[in-house]
Amino acid sequence: MPEIARLILDGKTYELPVLTGTEGEKAVDIRRLREESGYITLDDGYGNTGSCQSAITFIDGDQGILRYRGYDIQELAEHSTFIETAWLLIYGELPTVEQAEGFSALLTEQAMLHTDTLHHFEGFPEHAPPMAILSAMLNVMACQHPELLKIENEAQLLMGSAKIISKVRTIAAFAYRKSKGLPFNDPHPDYKYCGNFLHMMFSIPYHHYEVHPDIERALNLFMILHADHEQNCSTSTVRIVGSARTNLFTSVSAGVCALWGPLHGGANVEVVQMLDEIVKTGKNPREFIERAKDKSSGFKLSGFGHRVYKNFDPRARILKASVEKVLKIVGIRDKSLEVAMQMEDLALKDPYFIERKLYPNVDFYSGILLRAIGIPADMFTVMFAIGRTPGWISNWKELLDQGGRINRPRQIYTGKTLRPYVGREDR
Ligand code: CMC
């Protein structure tokens, strides 16, 4: 017998079905509430609203659990690669050897940008934000591939996904090279996904960048940890845009735009800027903690807090361990890591953070890791975007498979009621 919730409005009882997910999460199904009662529910920020049913990623924020398709993030971080994880997210199962090799070969084949699209890079000013370039170039891909604007079969989905996953990396590296006034490096077929990105970023004429396997592994780890995170702001954006049956390239481009914001993917840049300021000026980290606690300051401690995690963010823990390892490999003593750990310590003992269950999130340590790899701060959010791309694609695909309705929330109108038009001379 399905459970029923009862809601009494104006003396009338409405029976609302209760849905239970495979991990025991419960939801009151209000889909027919307005039709039956005239009432809607209000939940600005959607903190209490399930916008879809999804079989991709499971998070238990109270216990710090994150799983992709049932696999724990810690296990994937230890054993998987980004590309294998991408396949898992999109298709629901880990790839067979044949599938993995086929996908890898397709990504290699699709890594280059069409030469007709390269002139776009010349049009961007030197200081163009790479997130803007990435978003724009994804729409350029939509122009380039009319045959994939409507995805109607598995072959088209595979091709569209491979093009996007492979080319976002090339676009990102080219955006960086453009900002530095350096020639573009074509992708090299001998490299795997992350190694190829490092090559495109850092090889210079007459000096081939040597891809250190541990650095490549750390980048894989970074990408795996960012690959999906259920209905976050950018993924919800992709689903909203996709619900209008907008093409895959443009839907992913919209995800990039949403990710850019400092409350979302942009937080990794803010964290490093804050840590650098502390290191350079010798300011006391406590000052930043106090400022974050003062609501009138409008300042939030970047890299802290999460809508869902109220215990710890498992991604932050894994990243912190990786940062320490990578810093040893590259032989750098990054003072910002020491400051970060000091801040974490201070915050975790502070009643403000304890009461509000604010813990370091994925962005708190990711910037330090990326910088140790040699990636500059203005590329951090782009790195997040490359990592999140399979998650966006898998959510877009799921939405399409579900054949759902266009996403269209309601509102409570709080403006003026009907009034007569006032002529210009009478205003
Ligand atoms: N510094 C200071 N106070 C905070 C912070 C913070 N970083 N985060 C939350 N709070 C306060 C918030 O003001 C609220 O206080 P009160 O109850 O007194 O009004 C309380 O903690 C609860 O906040 P919340 O409702 O849990 O926050 P939210 O779900 O609306 O926002 C967030 C989540 C991630 C946007 C927010 O924590 C934040 O702005 N953090 C800093 C930016 C950041 O690190 N973003 C990256 C998020 S993880 C990666 C990603 O998804 O992109």
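Phe-288 is buried, at a relative accessible area of 2% (buried means under 20% relative accessible area, exposed over 50%, and partly exposed in between, using a 1.4 Å probe and protein chains only). You'll find Phe-288 in helix H13 (helices are DSSP runs of H or I with at least four residues, and strands are runs of E with at least two, numbered from the N terminus). Setting aside residues up to four places away in sequence, Phe-288 touches Met-274, Glu-277, Ile-278, Lys-283, Phe-299, Leu-301 and Met-343 (contact means heavy atoms within 4.5 Å). Phe-288 and Met-343 are 55 residues apart along the chain, yet 8.8 Å separates their C-alpha atoms.

Before going on, a word on the model: it is predicted, so local features need pLDDT of at least 70 and side-chain atom pairs count only at pLDDT 80 or more, while totals for chains, interfaces and linings use all residues. Residues are numbered from 1 along each chain as its sequence is written, and side-chain values use heavy atoms, with hydrogens and water left out.

## Around the ligand

What surrounds the ligand? There are 22 residues around it, and the closest are His-264, Leu-301, Gly-303, Arg-307 and Tyr-352 (a residue is near a molecule or strand if one of its heavy atoms lies within 4 Å of it). Sorted by class, this shell has nine nonpolar, seven polar and six charged residues. Here Ala, Val, Leu, Ile, Met, Phe, Trp, Tyr, Cys and Pro count as nonpolar, Asp, Glu, Lys and Arg as charged, and the others, Gly among them, as polar.

Now for some polar contacts (pairs of N or O atoms within 3.5 Å; within protein, one must be able to donate a hydrogen and the other to accept it, and residues adjacent in sequence count only if both atoms are side-chain atoms). The side chain of His-264 has an N or O atom 2.5 Å from an oxygen atom of the ligand. Gly-265 takes part through its backbone, with an N or O atom 3.4 Å from a ligand oxygen atom. Over at Tyr-352, a side-chain N or O atom is 2.8 Å from a nitrogen atom of the ligand. On its own the ligand has 940 Å² of accessible area, and the protein covers 77% of that (accessible areas come from the Shrake-Rupley method with a 1.4 Å probe; for residues, only the protein chains shown count as cover).

Leu-301, one of the residues closest to the ligand, is found in the loop between helix H13 (285-293) and helix H14 (314-330). Leu-301 counts as buried because its relative accessibility is 5%. Leaving out residues up to four places away in sequence, Leu-301 touches Met-274, Phe-288, Ile-289, Ala-292, Met-343 and Phe-353.

Which residues touch the most other members of the largest nonpolar core? Of its 113 residues, they are Phe-197, Leu-219, Leu-301, Met-343 and Ile-375 (a nonpolar core is a set of buried Ala, Val, Leu, Ile, Met, Phe, Trp, Tyr and Cys residues joined through side-chain atoms within 4.5 Å). Helix H7 (residues 154-180) gives the most to this core, with eleven residues. Another core lies apart from it and has six residues, including Leu-9, Leu-16, Val-18 and Leu-33. In soluble globular proteins, nonpolar side chains tend to be buried together.

Ser-366 belongs to helix H17 (residues 362-373). Ser-366 counts as buried because its relative accessibility is 0%. Neighbours within four places in sequence aside, Ser-366 is in contact with Phe-222, His-226, Asn-268 and Leu-319.

Thr-235 sits in helix H10 (residues 233-243). Thr-235 also has 0% relative accessibility, so it counts as buried. Its contacts, again leaving aside neighbours within four places in sequence, are Asp-228, Glu-230, Arg-388, Trp-392 and Asn-395.

## Positive phi in two loops

Where is Tyr-206? It lies in the loop between helix H8 (193-202) and helix H9 (213-226). Tyr-206 isn't a glycine, but it has a positive phi of about 70 degrees. With a relative accessible area of 88%, Tyr-206 is exposed.

Arg-245 isn't a glycine either, and its phi is positive at about 65 degrees. The loop that holds Arg-245 runs between H10 and helix H11 (248-259). At a relative accessible area of 43%, Arg-245 is partly exposed.
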